[in-house]
Amino acid sequence: MQFQQLQYFVAVAETRHFTRAADLVHVAQPSLSQQIKALERELGADLFLRARGNITLTDAGEALLPLARRILADADTARHEVQELVQLRSGRVRLGATPSLCTGLLPDVLRAFHDRYPGVRLLIEEGGSHDLVRELARGALDLALVVLPLPTPSPALTTVELLREDLVVVSSPDAPRPGRGRRTVRVCDLEGERLVMFRHGYDLRELTVAACRAEGFEPDFAVEGGEMDAVLGFVRAGLGIAVVPRMVAARSGPGLRVTALARPGLHRTIALAHRSDVAPPRAARELQRMLLER
């Protein structure tokens, strides 16, 4: 009894038609018929009653059908398990993240993942949440770290909240302390301060500008249009202050003064997103688990 013969038998049993079954398994109809006959000879019983335009299962066929389906399902499971094992040895993960998360959250997690699965390639794409959601939807990414709420809610995406992160104000130690020297500053204290502002499309830009407008003023930009490293460099040079995630400030090294925002402060919610209609590859699911358990 050959595995291929069982595939052909199940196809005929489900379609009740030899030609349609041959199309289903991508084989010529005469070849399929020959394999079914060879299976019947080996089993010593007819599996189908063949009447013109009417194919039905015999008692022997009815007995074989659930067993054949189980064998095919077990084989598919075995193939899937082996493929997943291979993916953890030599697969890839395409991960999107906002630039601030690439600086703050990801380095430790990616190092731990790489140590455990050194054969898996990590492909990282930086971008704002809007761009990352679009890349997820078209299948260019397996996972993405995005800021909630999403710019455009998408029912095709599944999101799991990962963390809620405080934002802080960073400034040059050589410049006057923002907020008239207080140990904490309020958003309203940013009025009149010169801000180093991220480029359009950065979630942090939109969040900061919205917070200032909620306090009744428009922020004053000293420099705008930078990525995270550029913004921190401009702040170190004394060009202005910036609002950044606490994790980024903690990893930024010397040359920056960090000032907390007074309650209620500013926060952002980070979520892990993937497509709802397609299961991420095994390696991506393992990285997802490590991020959620970090």
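## A walk through a predicted model

Helix 1, covering residues 3-15, has 13 residues and reaches 19 Å from its first C-alpha to its last, close to the 18 Å expected at 1.5 Å a residue; the expected span is 1.5 Å times one less than the number of residues in the helix. The model is predicted, and for that reason local features need pLDDT of at least 70 and side-chain atom pairs count only at pLDDT 80 or more, while totals for chains, interfaces and linings use all residues. Residues are numbered from 1 along each chain as its sequence is written, and side-chain values use heavy atoms, with hydrogens and water left out.

The buried residues of helix 1 are Gln5, Leu6, Tyr8, Phe9, Val10, Ala11, Val12 and Ala13, where buried means under 20% relative accessible area, exposed means over 50% and partly exposed lies in between, with a 1.4 Å probe and protein chains only. An α-helix has 3.6 residues a turn, so residues three or four places apart point the same way. Gln5, found in helix 1, is buried with a relative accessible area of 4%. Leaving aside neighbours within four places in sequence, Gln5 is in contact with Gln35, Ile36, Ala38, Leu39 and Glu42, contact meaning heavy atoms within 4.5 Å.

Helix 1 is followed by Arg16, a residue that has a positive phi of about 55° although it is not a glycine. Arg16 has its place in the loop between helix 1 and helix 2 (18-25), and with a relative accessible area of 36% Arg16 is partly exposed. A positive phi, of about 60°, is also found at His26, again not a glycine. His26 lies in the loop between helix 2 and helix 3 (29-43), and His26 is exposed, with a relative accessible area of 74%.

Thr58 counts as buried at 11% relative accessibility, and, not counting residues up to four places away in sequence, Thr58 touches Asp46, Leu47, Phe48 and Leu49.

Leu105 lies in the loop between helix 5 (99-104) and helix 6 (106-116), and at 6% relative accessibility Leu105 counts as buried. When residues up to four places away in sequence are not counted, Leu105 touches Leu145, Leu162, Leu163, Met247 and Arg294. Leu105 and Val235, by comparison, are 130 residues apart in sequence and 21 Å apart in space, taken from C-alpha to C-alpha.

A cis peptide bond with omega of about -5° joins Leu148 and Pro149, and Pro149 is found in the loop between strand 5 (143-148) and strand 6 (157-171). A cis peptide bond also joins Arg263 and Pro264, here with omega of about 5°, and Pro264 is found in the loop between strand 11 (257-261) and strand 12.

Strand 12 (residues 267-275) holds Arg268, which counts as buried at 3% relative accessibility. Setting aside residues up to four places away in sequence, Arg268 touches Thr98, Ser100, Leu101, Val147, Leu163, Arg164, Glu165, Leu167, Leu204, Leu207 and Pro245. For one of these, Pro245, the C-alpha atom is separated from that of Arg268 by 8.4 Å, with the two residues 23 apart along the chain. Leu163 is among the residues touched by Arg268, and Leu163 is also among those touched by Leu105.

What remains is the chain as a whole. There are eleven helices and twelve strands in the protein chain, where helices (H or I, at least four residues) and strands (E, at least two) are DSSP runs numbered from the N terminus. The C-alpha trace spans about 95 × 40 × 30 Å along its principal axes. A compact globule of 294 residues would have a radius of gyration near 19 Å, but the protein chain has 30 Å; the radius is taken over C-alpha atoms, and the globule rule is 2.2 Å times the number of residues to the power 0.38. Of the 294 residues, 43% count as buried, and among contacts with a separation of 6 or more, residues 24 or more positions apart account for 74%.
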